[in-house]
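Have the model open beside you as you read.

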Amino acid sequence: MSKRDFYEVLGVDENASVDEIKKAYRKLARKYHPDVNKAEDAEEKFKEVKEAYDTLSDPQKKAHYDQFGHSDPNQGFGGGGGDFGGFGDIFDMFFGGGGRRNPNAPRQGADLQYTMTLEFKEAVFGKETQIEIPREEDCQTCHGSGAKPGTSPETCSHCGGSGQLNIEQNTPFGRVVNRRVCNHCDGTGKFVKDKCQTCGGKGKVRKQKTININVPAGIDHGQQIRLSGQGEPGVNGGPAGDLYVVFNVKPHEFFDRDGDDIYCEMPLTFAQATLGDEIEVPTLNGKVKLKIPAGTQTGTSFRLRGKGVPNVHGRGQGDQHVNVRVITPKNLTEKQKDLLREFSDLGGANPTDEQNENFFAKVKRAFKGD
């Protein structure tokens with residue numbers, strides 16, 4: 001099954017800015033997050049959205065995708081990215097295979113990735129925690145040699161310790177010698193005769209490793225941190241890989257987040273909106289007082305400066321935006337209805353201020369088709 005266009009997945013065009021791509025990703029990630037959306041295809045859609053965002057939010061990956069799409073320009077000649085469907089033997093014939101990697105050279109260990117799910121406020125304020133990850137470590141019984149204690153690995157008798165075999169072949173160019181990695185020792189030049197019973201001769205064992213994690217305050221959904229040297233151990237004395245911790249942040253039932261800013265909605269009664277009032281608004285740090293001016297309309301937004309999320313890089317703190325919504329009363333008593341009728345009779349239902357006159361004039365013209 002072919003992949004969907006990444007721009008189509010996020011619902012943005014090819015000229016979308018980084019902020020537009022990020023905003024579209026947040027909206028879709030919140031919609032399809034497996035902790036929120038229980039549909040069968042939610043997890044697959046969430047992965048599709050994240051893959052699209054990881055590509056389009058990275059300038060280099062985006063440029064590559066814009067040029068080649070989902071295809072890999074390095075493929076097409078056998079998919080080997082350099083083998084060219086069997087021509088590697090001819091290159092070996094002329095150049096002796098000198099470009100092949102030394103199997104005994106030090107190599108860096110593989111990187112690992114761990115996904116951590118955070119509650120909304122844990123991401124806002126950060127926390128210290130521990131995680132356990134499975135990774136390979138040197139066997140303590142044989143100290144990584146793979147040999148039974150008291151014995152040592154022996155030199156491979158097939159390649160003489162070189163890790164490579166010279167294979168003679170008849171070709172149209174004549175009789176040539178082709179160099180190949182020794183399949184008896186996997187290129188190490190050594191052979192373990194008496195294997196360690198703990199690791200089975202591998203020299204490595206898989207263990208659960210406990211790692212301390214300091215989640216920075218202000219981390220956002222989809223962001224990650226790198227823990228240097230906490231990945232798989234290196235080979236032949238090479239450095240260990242890194243551990244990447246990717247964060248999934250659960251949505252909040254009251255707050256919405258966009259970058260470092262927080263958004264929420266507060267209900268107002270008809271009386272509060274008309275006469276004005278002072279209300280209490282929940283924030284990330286507790287309740288605060290918010291003054292509502294008389295005549296406030298539904299949809300009005302108020303800003304609480306510095307009440308948002310601390311910037312993950314330490315550059316200040318966002319704001320909280322409070323959108324108010326006037327609630328139409330239901331199940332009124334007869335006395336309340338009488339008071340409203342009296343209000344209407346006194347002209348309360350006929351706005352006379354200039355702003356409302358202009359508004360209703362626009363409505364009349366719309367009905368007339370002007």
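One cavity of 30 Å³ or more is counted here. On a 1 Å grid over the protein atoms alone, a cavity is a set of points where a 1.4 Å probe fits but cannot get out, while a pocket is an open set with protein on both sides within 12 Å along at least five of seven lines; lining residues have an atom within 4 Å of a point. Grid points are joined across faces, edges and corners, and a volume is the space filled by probe spheres set on the points.

This is a predicted model, in which local features need pLDDT of at least 70 and side-chain atom pairs count only at pLDDT 80 or more, whereas totals for chains, interfaces and linings use all residues. Residues are numbered from 1 along each chain as its sequence is written, and side-chain values use heavy atoms, with hydrogens and water left out.

The table sets out the two spaces.

| Space | Volume | Lining residues | Closest to the centre |
|---|---|---|---|
| Largest cavity | About 210 Å³ | 15 residues | Arg30, Asp220, His221, Val249 and Pro251 |
| Largest pocket | About 970 Å³ | 31 residues | Gly144, Ser145, Thr188, Gly201 and Lys202 |

Which elements line these spaces? Helix 2, helix 6 (120-125) and strand 10 (256-258) each give at least two residues to the lining of the largest cavity, and the largest share, three residues, comes from helix 2. For the largest pocket, strand 2 (127-138) and strand 6 (190-191) each supply at least two lining residues.

In total the protein has nine helices and 15 strands. Helices (H or I, at least four residues) and strands (E, at least two) are DSSP runs, numbered from the N terminus.

Three strands form an open sheet in the order 1-9-8, with mixed pairing; two strands pair if DSSP finds at least two bridges between them. Strand 1 (112-118) and strand 8 (224-227) each have a single partner strand and stand at the edges, so one side of each is left without a neighbour in the sheet. From one strand to the next, the twist averages 25°, where axes are lines fitted to C-alpha atoms, for helices over the stretch in contact, and angles run from 0 to 180 degrees between N-to-C directions.

Strand 8 pairs with strand 9 (residues 243-249) in the antiparallel sense over four bridges. In strand 9, Tyr244 is the bridge partner of Arg226, and Val245 is that of Ile225. Buried means under 20% relative accessible area, exposed over 50%, and partly exposed in between (1.4 Å probe, protein chains only).

Helix 3 (residues 42-56) has buried residues including Phe46, Val49 and Tyr53. What covers the buried residues of helix 3 includes helix 1 (6-10), helix 2 (18-32), helix 4 (59-68) and strand 9.

Finally, look at Asn248, which is found in strand 9. Is Asn248 buried or exposed? Asn248 counts as buried because its relative accessible area is 12%. Leaving aside neighbours within four places in sequence, Asn248 is in contact (heavy atoms within 4.5 Å) with His33, Phe46, Thr115, Met116, Thr117, Leu118 and His221.
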